[in-house]
Amino acid sequence: MLKFVIAALVALEIVLLNSWALPPANATSPGAEVYIWDYASVGSHELVCKKVVFHPKNQSLPSSAEVQPVRIDSRIVNDADCSHLTKPILK
């Protein structure tokens, strides 16, 4: 029984130290960009490589809001930019 209590206290200590030592991760950072395979447009059956960029917006929000407003821009780019991603199979 004492072993379980000691193990639980050690685990709690590790969790608490990590939560104080590491800052929380933000969902977006200024100019965050990702590459994805997506359809060229609504209703299209053609898969293309897209570069998606998230731009934080300076907009006042209620203090209880846990999200940050962003503007999302996407642009079709060369398929080579998505070469590290697995291309979905169309059915």
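**View 1. P56 pairs with V70 of β3 through a bridge.** Two strands count as paired if DSSP finds at least two bridges between them. Helices (H or I, at least four residues) and strands (E, at least two) are DSSP runs, numbered from the N terminus. The model is predicted: local features need pLDDT of at least 70 and side-chain atom pairs pLDDT 80 or more, while totals for chains, interfaces and linings use all residues. Residues are numbered from 1 along each chain as its sequence is written, and side-chain values use heavy atoms, with hydrogens and water left out.

View 2. Of the 91 residues, 12% are buried; buried means under 20% relative accessible area, exposed over 50%, and partly exposed in between (1.4 Å probe, protein chains only). Among contacts with a separation of 6 or more, 41% link residues 24 or more positions apart, a contact being heavy atoms within 4.5 Å.

**View 3. Three strands form an open sheet in the order β1-β2-β3, with antiparallel pairing.** Strands β1 (32-39) and β3 (70-77) stand at the edges with a single partner strand each, so one side of each has no neighbour in the sheet. On average, neighbouring strands are turned by 30° against each other, direction ignored. Axes for such angles are lines fitted to C-alpha atoms, for helices over the stretch in contact, and angles run from 0 to 180 degrees between N-to-C directions. Eight bridges join β1 to β2; in this sheet, A32 has F54 of β2 as its bridge partner. Strand β2 (residues 47-56) is likewise joined to β3 by eight bridges, and the two run antiparallel. Strands of a sheet pair through backbone hydrogen bonds, either parallel or antiparallel.

**View 4. C49 and C82 form a disulfide.** Their sulfur atoms are 1.9 Å apart, and a disulfide is defined as a pair of cysteine sulfur atoms within 2.5 Å. The count by this rule is one disulfide. The link of C49 and C82 is right-handed, with 75° about the S-S bond. C49 lies in strand β2 and C82 in the segment after β3, so the pair ties together parts 33 residues apart in sequence. Both cysteines, C49 and C82, are buried.

**View 5. K50 sits in strand β2 and is buried, with a relative accessible area of 11%.** Its bridge partner in β3 is I76. The side chain of K50 reaches the backbone oxygen of Y39 at 3.1 Å. A polar contact is a pair of N or O atoms within 3.5 Å; within protein, one must be able to donate a hydrogen and the other to accept it, and residues adjacent in sequence count only if both atoms are side-chain atoms. Leaving out residues up to four places away in sequence, K50 touches residues including V34, Y35, I36, S74, R75 and C82.

**View 6. L90 lies in the segment after β3.** L90 counts as partly exposed, at 44% relative accessibility. Residues up to four places away in sequence aside, L90 touches Y39, H45 and L47. L90 and H45 are 45 residues apart in sequence, with 8.3 Å between their C-alpha atoms.
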